[in-house]
Amino acid sequence: MTVASSDITQPNQRICAEWTWTGTSFERGIFVGIGADGVISSVELSESSDHNVNHVDGILLPGFVNAHSHAFQRLLRGKGEVYSSASKHNSFWGWRDEMYNLVNTLGAKEFKAACVLCFTEMLDAGITCVGEFHYFHHGDMPYQYDSIVLEAAKEVGIRIVLLNAYYEFAGCGKKELSEAQKRFETHDLDAYWKQLDSLSDYKRGVVAHSIRAVDPVELGLLVRGARDRNLPFHMHLEEQVAEIEQCKASFDNKTPLRVLLDLDISLDHVTLVHCTHSEDAEMQAFVARGGMVCVCPLTEGALADGLPNLQPMSGQICLGTDCNARIDFLEEMRWLEYGQRVKTNRRGAVCHVGTTWVPDLSAELLRYATEMGAKALGVDAGCIEVGKLADFVVLKVDCENVMEMLPTAIFGDAAVGGVCVGGKWVREYTSSSATVSADSRVRKGVTVDVGTGFVKNGNSGTPQKRARVEPCEEGSLDQSEAACVRRVMDAGDDVVALARSLVDINSTSGSEQHMAAAVTSWLVARGWNVAQQAVGSRYNLHCVRNHANGEVNSAPPKVYMNTHLDVVPPWFPSTVDDTNLYGRGACDTKSLIAAMLIAAQTLTETNRSAVGLLFVVSEETTHEGMIKANELGINPQYLIVGEPTDAKVVLLQKGILKCTLTAKGVAAHSGYPHLGRSAIDDMLGVLGEIRAYAFPQSESLGVTNVNVGKISGGQAVNALAEECSAELLFRLISAPETVLEVVEGVCSKYADVSAKVITKNDPVDMTYVNDLITGFDFGTACFNTDIPYFNFDGKAVLYGHGSITDAHCPREYIALKDLKSLVPAYVDLVKQLSDKC
Ligand SMILES: [Zn+2]
């Protein structure tokens with residue numbers, strides 16, 4: 001049970017940010033479901049497009065987890081920063097005297113105000129969870145301040161883990177406490193456990209303040225007691241050389257870390273704070289036993305502690321704001337790296353993780369600030385994954401390049417644009433829905449003048465990925481709107497000429513305007529009513545044939561034909577030889593549009609309400625055109641969707657499961673393999689089993705495709721690999737969960753191999769076409785379409801000529817005979833489906 005979320009119930013939510021952090025990269029179009037319990041219930045790549053999705057401007061990250069804080073020390077901000085040359089303020093110990101002066105003056109009211117102020121600033125900075133290392137226990141009543149800290153966090157709405165400290169002595173060798181320190185005193189272990197257990201409604205941790213304040217015997221009992229209670233254990237290890245010297249003098253020349261290592265107990269629940277002067281070998285031994293380190297770069301800088309050696313920590317690092325003189329987690333991340341740069345004269349020092357090299361510095365820093373903090377506090381947060389707490393921060397970063405967004409946020413600048421704790425938005429995010437709806441004007445009626453009114457981009461100021469069009473050698477065709485319209489009008493009713501004229505319009509995703517204008521003109525000239533629906537600066541086309549007398553047809557057609565106006569870059573114009581039409585969009589989907597136009601025109605000549613047309617933008621990128629089309633209120637019984645399906649009516653659009661497998665090993669000399677475990681061996685075993693597994697297949701729907709697309713791992717040819725990872729992509733004919741279960745089952749057979757889902761999409765089952773359509777071949781599509789993004793009560797029928805294997809490549813083409821036969825094929829499909837209405 002956690003303070004911040006225990007008594008909050010939220011309605012179910014679905015959010016979709018411009019970019020969502022998956023743990024390794026930002027992805028577009030990720031829908032995150034949040035349950036009423038404040039837990040992430042789904043993370044999907046736009047599996048549907050219902051209207052209950054809240055669009056979030058900015059980049060969505062897991063909320064920052066602050067693993068170490070003393071909230072009341074916020075009141076010391078700005079104090080003690082005037083120095084005389086001989087001042088004792090010039091050391092840590094001088095600062096500590098200042099802190100004790102504050103402690104002497106702090107009543108319950110002031111103490112609470114300090115905590116509220118501090119936690120408020122943490123939320124402002126995107127920190128959603130704080131590990132409050134709490135040793136200031138007593139006010140007028142014993143342990144009065146323990147509950148005040150918890151109350152303050154609850155009031156502010158931040159998630160808290162109360163790391164309640166044991167504090168018995170003033171220094172190594174059982175030195176008596178000073179007057180100020182009496183307010184920290186825990187008299188004996190029994191009383192300490194009793195107090196801790198009385199707070200069992202809250203998320204807690206066990207703490208020994210430091211080797212100065214806790215005798216090694218009690219230290220051992222505290223570490224064990226935490227383990228027995230399944231709670232995390234935290235301790236200030238050392239940040240000053242003097243405390244190491246004191247420890248050595250008192251305890252057989254042992255460093256504080258050695259004292260801890262000599263405990264005969266697993267340390268995988270232990271987080272040690274600072275570790276500024278730890279010896280490399282001892283640190284390696286500590287992390288090998290599962291320990292973690294909390295580094296607090298800004299505090300360690302402010303207090304002149306020194307710079308820790310990070311490499312032996314093997315990435316088992318989390319971050320804390322400690323004295324809270326400055327609360328900025330991006331800056332903690334930045335200075336973790338900058339400190340190392342200053343110390344070593346090398347950049348990317350944080351990348352040197354144990355014996356391996358992690359090239360993505362920013363992702364590694366973010367991992368410390370989120371996932372590792374959550375691990376240190378024993379909180380199920382820190383990742384955007386199903387089952388994790390819905391704690392998020394939204395950042396606004398002025399950066400267009402997705403690869404540079406995170407480095408820009410950490411090393412440049414970013415503004416917090418929303419904070420969510422357990423599904424509750426404690427700092428509002430801005431939603432693009434307001435601007436989107438302001439932009440969703442649907443123009444009814446005949447409009448050929450497309451130059452005005454539709455150029456305003458509703459998402460201005462937000463990062464948008466635009467497809468870059470390579471300059472084309474033959475790109476000299478006039479691409480003005482007037483020229484595009486003229487070429488299409490000149491093509492008339494000849495399907496090859498019409499397809500050519502459409503291919504010759506450059507309409508890569510994001511620049512479909514002239515394509516839409518030309519199609520509109522062609523239809524309007526033939527008596528169609530074309531409504532243009534703005535999608536940013538482009539527009540979708542909703543087309544219905546007018547009555548013969550020119551009146552608008554009010555009965556909506558029951559059958560629609562649909563495809564997309566955009567093509568993938570780079571654009572290149574058409575060429576034709578005896579057998580084929582070549583050019584960008586020749587099969588995906590300009591030829592299909594030409595065939596649909598002529599088929600629709602032929603059909604409506606005789607029956608003027610027989611078929612409607614829906615052409616949308618951005619199918620090749622974000623599907624935002626089709627998502628927007630849901631606002632048109634079209635609800636056909638049948639939607640014929642054009643994609644190059646090799647003249648087959650599609651029974652099933654395969655689903656997708658993309659996941660990363662990570663194997664962890666134990667390094668050893670390759671001549672003595674019994675001393676370790678190779679992560680690569682384990683990974684080969686897992687991959688072998690997965691590739692040999694009989695995943696679902698059927699005669700009609702085909703097979704489940706498995707592709708191991710990427711493998712990396714190992715540190716040296718003569719060493720057992722410490723880590724190995726592999727990225728897998730499955731094309732599914734069944735639900736992603738059935739395959740994921742198998743993958744996880746295989747992983748679980750190995751010592752330390754885990755699977756992480758990057759994206760998943762259900763297959764689209766269209767096997768109903770078996771009973772609907774006769775005279776066509778059936779097949780399976782291994783590519784994505786707009787179908788899952790359109791909400792309607794009817795059924796989709798996916799069909800087109802040309803092959804998807806000839807699309808998206810420099811040889812893109814369609815055979816002329818396939819193009820010509822597509823017109824009667826669409827006519828036939830519409831007629832068959834109309835008969836079923
Ligand atoms: Zn501290």
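## Strand pairing, helix packing and a buried tyrosine

In this predicted model, Gln653 stands opposite Val764 in β34. The two strands concerned, β27 (residues 648-653) and β34, pair in the antiparallel sense over 2 bridges. They belong to an open sheet of 3 strands, in the order β34-β27-β35, whose pairing is mixed. Its edges are formed by β34 (764-765) and β35 (777-781), each of which pairs on one side only.

A further strand, β22 (residues 559-564), has two parallel partners: it is joined to β26 (residues 638-641) by 4 bridges and to β25 (residues 612-616) by 5 bridges.

| Strand pair | Sense | Bridges | Residue pair |
|---|---|---|---|
| β22 and β25 | parallel | 5 bridges | Thr563 and Phe615 |

Strand β22 is mostly covered, with 6 of its 6 residues buried. In a regular strand, side chains alternate between the two faces of the sheet. Both faces of β22 are covered: Val559, Met561 and Thr563 are buried on one side, and Tyr560, Asn562 and His564 are buried on the other.

The packing of two helices is described by the angle between their axes and the distance between the axes. Helix α17 (residues 513-524) packs against helix α18 (residues 590-606) at an angle of about 20°, and their axes lie 11 Å apart. The angle therefore makes α17 roughly parallel to α18. The crossing of α17 past α18 is right-handed. On the α17 side, the contact involves Met515, Val519, Trp522 and Leu523, which meet Lys590, Ile593, Leu597, Ile598 and Gln601 in α18. By class, the residues of this contact comprise 7 nonpolar, 1 polar and 1 charged.

Is Tyr135 buried or exposed? Tyr135 lies in the loop between β7 (127-134) and α4 (144-156). Its relative accessible area is 3%, so Tyr135 is buried, the cut-off being under 20%. Leaving aside residues up to four places away in sequence, Tyr135 touches His70, Phe72, Gln73, Met99, Ala165, Tyr167, Arg183, Phe184 and His209. Between Tyr135 and Arg77 the separation is 58 residues in sequence and 19 Å in space, C-alpha to C-alpha.

Terms used. Residues are numbered from 1 along each chain as its sequence is written. This is a predicted model: local features need pLDDT of at least 70, side-chain atom pairs count only at pLDDT 80 or more; totals for chains, interfaces and linings use all residues. Side-chain values use heavy atoms; hydrogens and water are left out. Axes are lines fitted to C-alpha atoms, for helices over the stretch in contact, and angles run from 0 to 180 degrees between N-to-C directions. Angles under 35 degrees count as roughly parallel, over 145 as roughly antiparallel, 65 to 115 as roughly perpendicular and the rest as oblique. A crossing is left-handed if the near helix is turned anticlockwise from the far one by less than a right angle, and right-handed if clockwise. Contact means heavy atoms within 4.5 Å. Ala, Val, Leu, Ile, Met, Phe, Trp, Tyr, Cys and Pro count as nonpolar, Asp, Glu, Lys and Arg as charged, and the others, Gly among them, as polar. Two strands pair if DSSP finds at least two bridges between them. Buried means under 20% relative accessible area, exposed over 50%, partly exposed in between (1.4 Å probe, protein chains only).
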